Amino acid sequence: QVHLVESGGGLVQVGGSLRLTCAASPSLGNDEVMGWYRQTPGNERELVATITAAELINVADAVQGRFAISINKAKETMWLQMNNLKPEDTAVYFCKRWDVRQPQTIYWGQGTQVTVSS
């Protein structure tokens, strides 16, 4: 059974930093991808960044240069380092996991709230 648990959200001032953590079990397989998505009320979830088991990375333009995604060697912990936070980064951040061979099978974490105050 797949589990994803996010942590690290909170309230931060403009320009501040937060580090989100997603604990995954079991560890990421060779054909799997993990990523961070975010959602604000009334809107769909949007891509923030993704990382493959081979550590190929994709980062959304809106956070390029400010956010960094990484994963540990055991492929069981993923992070999102968020720097120079802006009010528009306020959202619930979700961890997502899927297998590229079975893209219809998607797993989500419960989400963690990030609030950036101006």
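Arg97 and Glu32 are both buried (buried means under 20% relative accessible area, exposed over 50%, partly exposed in between, with a 1.4 Å probe and protein chains only). Their side chains meet in a salt bridge, 2.9 Å from N to O (a salt bridge is a side-chain nitrogen of Lys or Arg within 4 Å of a carboxyl oxygen of Asp or Glu). Arg97 lies in strand S9 and Glu32 in strand S4, so the pair ties together parts that are 65 residues apart in sequence. Strands (E, at least two residues) and helices (H or I, at least four) are DSSP runs, numbered from the N terminus.

This is a predicted model, in which local features need pLDDT of at least 70, side-chain atom pairs count only at pLDDT 80 or more, and totals for chains, interfaces and linings use all residues. Residues are numbered from 1 along each chain as its sequence is written, and side-chain values use heavy atoms, with hydrogens and water left out.

**Salt bridges**
- The structure holds 7 salt bridges.
- Arg101 pairs with Asp31, the closest N and O atoms being 3.2 Å apart. Arg101 lies in the loop between S9 and strand S10 (102-108) and Asp31 in the loop between S3 and strand S4 (32-39), so this bridge ties together parts that are 70 residues apart in sequence.
- Arg101 also forms a salt bridge with Asp99, with closest N and O atoms 2.8 Å apart.
- Arg101 is exposed, at 58% relative accessible area. Asp31 is partly exposed at 33%, and Asp99 is buried at 12%.
- A network of salt bridges links Arg38, Glu46, Arg66 and Asp89.
- In general, side chains of opposite charge can pair when their charged atoms come close.

**Disulfide**
- The count is 1 disulfide (a pair of cysteine sulfur atoms within 2.5 Å).
- Cys22 and Cys95 form the link, with sulfur atoms 2.0 Å apart. The angle about the S-S bond is -75°, and the link is left-handed.
- Cys22 is buried, at 0% relative accessibility. Cys95 is buried too, at 0%.

**Aromatic pairs and a charge over rings**
- The structure holds 2 aromatic pairs (rings of Phe, Tyr and Trp, the last by its six-membered ring, pair if their centres lie within 6.5 Å; planes under 30 degrees apart count as stacked, over 60 as edge-to-face and the rest as tilted).
- Tyr37 and Trp108 have ring centres 5.4 Å apart and planes at 80°, so the pair is edge-to-face. Tyr37 is in strand S4 and Trp108 in strand S10, so the pair ties together parts 71 residues apart in sequence.
- Tyr37 is buried at 12% relative accessible area, whereas Trp108 is partly exposed at 34%.
- Phe94 and Trp108 are also edge-to-face, at 6.2 Å centre to centre and 85° between the planes. Phe94 in strand S9 and Trp108 in strand S10 are 14 residues apart.
- Phe94 is buried, at 8% relative accessibility.
- Ring pairs join Tyr37, Phe94 and Trp108 into a cluster.
- Arg45 lies over the face of Phe94, 3.6 Å from the ring centre (NZ of Lys or CZ of Arg within 6 Å of the ring centre and within 35 degrees of the ring normal). The charged end of Arg45 also sits over the ring of Trp108, 4.4 Å from its centre.

**Contacts of Thr50**
- Thr50 belongs to strand S5 (residues 46-52) and is buried, at 12% relative accessibility.
- Not counting residues up to four places away in sequence, Thr50 touches several residues, including Val33, Tyr37, Ile69 and Trp98 (contact means heavy atoms within 4.5 Å).
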